[in-house]
Amino acid sequence: MPEELNVGRGDPAYMAHAYLTKVPVLAIEPFIDAYSPPGGTVADPFAGSGMTGVAAAMSGRKGRLFDISVLGQHIGRNYVNLVDPEQFAKHAEEVVHAAQAEVGDVYAVECAACGRMGTLAKTVWSVVVECSECKEPVNYYRSMEAAGWRKPDMVCGGCRATVSSRNQRIGEEPVLDSISSQCSSIQLDQRPSINSVSFDLESLDYPRVAITPDRQMYKASALGKSGMTTIASFYSERNLAVLTTLRKHISKVEDVAIRNKLLFAFTACLTRASKRYQWSRQRPLNAANANYYVAAVFYEWNVYELFLRKVKAILKSDNFLRAARKVRVEPSDVDNPDVSYNVGSADRIALEDGSVDYIFTDPPFGSNLFYADMALFQEAWLDGFTDVNQEAVIDRSRGGKRTAERYEALLTGALRECNRILRAGGYISMVFGNSSGKVWGLIQRSIANAGLMIDPEKLVVLNKGQRSVKGLASGFEDVATLDLIITMREADGEVPETLTAVDGETVAATIKNLANISPATPSHLYLELLRTGIRKGWELDKLDLRNVTAALTADGWDIDPKTGRLSKDETGEREALW
């Protein structure tokens, strides 16, 4: 395996359905090929969206997946649910036509250019805020437009007081329609139309699911302040009505495999169909998957177009999987991957001792993300919810029941189970990313207490090719943008070496040395520091990302805001590390 694995997020399987922190199948395949025999069995106790199962299927292996996530099971099972492509596309068109017939032509708009009827592709909506001085309503988009799109220059049209996204939100208004019309080969922008179709929402069976104050993302996304405390509140009335009706007609499809695959396409477009799809003057910024944030200006997309677009993406994903299997398995087995996905806790895996050849897993990264809270958005439309009490995360708020000690115990139990089900001489690879040394120290202890040993020569940096949004503004963010793939084996009676504490002076000197010899971003250097610490037997508890950034700053390093690469002015000229 290479020291760094660079894999993008653009393959057809990755693009078919969104999920938090997915590992691309092309990053998993090399590990499966290296550490398991052809036709062997690969397991994943933190399966998430089932990428390990997809990679196992593509590699001609069996997959045994487990996770507490109801959404994860829905996604993971349908990735390997290879249905007849013509029947799938045919039923997709049919459920769309059935929904259109019931709801009405809700996306039909008159083209301002030619006067004929066109089809709405998307509407731009703006929040209306209250002026802090005169208390009059201010359309945020119009205020920004009047300021020449410069947010610092935004003012109230009445009293000229400064306006920003911090002003109290008091409503929402459509400000722009983008339509497809017979008179143009490209979409046309025009003033928003008045929707003539009314909706009796109370008669519809839409999800009446609350996002309660005990949820971590309720606090993190300030839902109490915005008043958006239900799943339904994140949709326009029009899109809520269309989604509900479309879901109803999908449920009527008799073929179970086709029905499940259509529901897969449906859940894939839910976030984009909501108010969480942020507007940008240059291009759509996509929907935020890791929080419930609704921007001051957002999109309302045509649900039917989103759904049918996802159907095409899923067909590409299926063909991607089939093409890989054709060179690995018998022709009769191409459409029948041997991959199972069961809802269950990682510390209680329903498999026999020594029944698995290899394990590849990607556990939750401590307190970085709360999967169950975000999965609620899709699970509201499914049958069942993830049990948040079983989630392996650390609560951000003080006094939370899900402590670091609990997380360590769960992870230790999961790794012990992995050790139990793994055949003698087998390997376990675990993807992990965190900027806190305390969490990395926890990982060290969990591995040792599970009777496992890290192979120091099998530490691979996973670079998925995208820096964080925060990282685009500053290379010195305290958020790690790369992951480390740790490969372990059973200790088998070997006594692990006693870990040694490392002082700040040694850490700073190590960082300085790494920066001088390795092309890097701060996250690269952080993982190199961790890799060095693991190989030298250091305790990782005090190796925080901020140690790296502080040492780099003290040593005169700067960051290129466009590339994220470190640079240093040694001779009066900017010299980049490549």
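1. Strand S14, residues 483-490, is mostly covered, with six of its eight residues buried; buried here means under 20% relative accessible area, against over 50% for exposed and partly exposed in between, with a 1.4 Å probe and protein chains only. Strands are DSSP runs of E of at least two residues and helices are runs of H or I of at least four, numbered from the N terminus. The model is a predicted one, in which local features need pLDDT of at least 70 and side-chain atom pairs count only at pLDDT 80 or more, while totals for chains, interfaces and linings use all residues. Residues are numbered from 1 along each chain as its sequence is written, and side-chain values use heavy atoms, with hydrogens and water left out.

2. S14 pairs with two strands, where pairing requires that DSSP find at least two bridges. Strand S12 (residues 422-432) runs antiparallel to S14 and is joined to it by six bridges, and Met-430 has Ile-486 of S14 as its bridge partner. Strand S13 (residues 452-463) is also antiparallel to S14, with seven bridges between them, and here Val-461 stands opposite Leu-484.

3. Arg-531 is buried, with a relative accessible area of 1%. In the case of Glu-3, the side chain of Arg-531 reaches the backbone oxygen at 2.8 Å.

4. Helix H9 (residues 237-250) deserves a separate look. Its 14 residues reach 20 Å from first C-alpha to last, close to the 20 Å expected at 1.5 Å a residue, the expected span being 1.5 Å times one less than the number of residues. Because 12 of the 14 residues are buried, H9 is largely enclosed by the rest of the structure; among the buried residues are Arg-238, Arg-247 and His-249. The buried residues of H9 pack against helices H5 (85-103), H10 (256-268) and H11 (303-326), and against strands S5 (117-130) and S9 (297-301).

5. For the chain as a whole, there are 18 helices and 17 strands, and buried residues make up 55% of the 578 residues. Among contacts between residues at least 6 apart in sequence, 73% join residues at least 24 apart.

Definitions and conventions: A polar contact is a pair of N or O atoms within 3.5 Å; within protein, one must be able to donate a hydrogen and the other to accept it, and residues adjacent in sequence count only if both atoms are side-chain atoms. Contact means heavy atoms within 4.5 Å.
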